[in-house]
Amino acid sequence: MSYDQPYPHADVQLNHTAVYASDRYLSAEFIAAILGLKVSAPFGPFLPVDLGNGVTLDYCERRDEPIQSQHYAFLVPDEQFDAVIARLEAVGVTYYADPGHADPGRVNDLFGGRGAYFDDPDGHNMEVMTRPYARP
């Protein structure tokens with residue numbers, strides 16, 4: 001096996017990731033509703049939410065141990081950001097301008113866009129943003 005390939009390798013893409021939840025239906029329906037997406041049919045133990053770039057969040061129940069909080073960031077078009085914030089407000093979910101959740105009810109303006117953080121039903125720190133992070 002050779003590790004001398006140039007990085008990044010353009011042919012490698014994320015296809016799916018498992019998101020642990022205490023109730024896969026509740027969590028999948030929550031994020032789908034907030035982001036304006038649909039929940040797909042169950043696939044084995046997974047309940048997929050299809051994102052616009054071919055990636056799925058595969059919600060999987062884990063009831064025998066606590067859910068470890070993870071961070072998931074979603075790039076949304078400028079014209080859909082206000083609708084996402086409105087849906088959060090409609091269901092009474094507080095959003096924050098920062099990942100530490102110290103600035104409630106506000107959005108940030110990082111990298112010339114807008115962004116916000118919020119918790120899903122299991123405490124995963126979700127982020128919506130209109131501009132990707134500028135990397136060095």
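The legends below go with a set of close-up views of one predicted model.

In this predicted model, local features need pLDDT of at least 70 and side-chain atom pairs count only at pLDDT 80 or more, while totals for chains, interfaces and linings use all residues. Residues are numbered from 1 along each chain as its sequence is written, and side-chain values use heavy atoms, with hydrogens and water left out.

View 1. Starting at the N terminus, the order of elements is β-α-β-β-β-α-β-β. Helices (H or I, at least four residues) and strands (E, at least two) are DSSP runs, numbered from the N terminus. The C-alpha trace spans about 50 × 40 × 25 Å along its principal axes. Of the 136 residues, 35% are buried; here buried means under 20% relative accessible area, exposed over 50%, and partly exposed in between, with a 1.4 Å probe and protein chains only. Among contacts with a separation of 6 or more, 50% join residues 24 or more positions apart, a contact being heavy atoms within 4.5 Å.

**View 2. The largest nonpolar core, built from 27 residues.** A nonpolar core is a set of buried Ala, Val, Leu, Ile, Met, Phe, Trp, Tyr and Cys residues joined through side-chain atoms within 4.5 Å. Look for Ile31, Leu57, Tyr59, Phe74, Leu88, Phe118 and Val128, which touch the most other members. At least two core residues come from each of strand 1 (16–21), helix 1 (24–35), strand 2 (46–50), strand 3 (56–61), strand 4 (71–75), helix 2 (78–90), strand 5 (115–119) and strand 6 (125–129). Helix 1 is the top contributor, giving 6 residues. In soluble globular proteins, nonpolar side chains tend to be buried together.

**View 3. Tyrosine 59 and its contacts.** Setting aside neighbours within four places in sequence, tyrosine 59 contacts Val19, Ala21, Arg24, Ser27, Ala28, Ile31, Pro45, Phe46, Leu47, Val49 and Met126.

**View 4. Leucine 47 in strand 2.** This leucine 47 is buried, at a relative accessible area of 2%. Beyond the neighbours within four places in sequence, its contacts include Arg24, Tyr25, Ala28, Val39, Leu57 and Tyr59. Glutamate 79 is 32 residues from leucine 47 in sequence, and their C-alpha atoms lie 28 Å apart in space.

**View 5. Histidine 124 in the loop between strand 5 and strand 6.** Histidine 124 counts as buried, with 1% relative accessibility. Leaving out neighbours within four places in sequence, histidine 124 is in contact with residues including Val19, Tyr20, Ile67, Gln68, Tyr72 and Phe118. Alanine 21 is 103 residues away from histidine 124 in sequence, yet the C-alpha to C-alpha distance is 9.2 Å.

**View 6. Phenylalanine 111 and tyrosine 133, an aromatic pair.** The structure holds 2 aromatic pairs. In this one, the ring centres of phenylalanine 111 and tyrosine 133 are 5.4 Å apart and the planes meet at 45°, so the pair is tilted. Rings of Phe, Tyr and Trp (its six-membered ring) pair if their centres lie within 6.5 Å; planes under 30 degrees apart count as stacked, over 60 as edge-to-face and the rest as tilted. Phenylalanine 111 belongs to the loop between helix 2 and strand 5, and tyrosine 133 to the segment after strand 6, so the pair ties together parts 22 residues apart in sequence. Phenylalanine 111 is partly exposed, at 43% relative accessible area, and tyrosine 133 is partly exposed too, at 32%.
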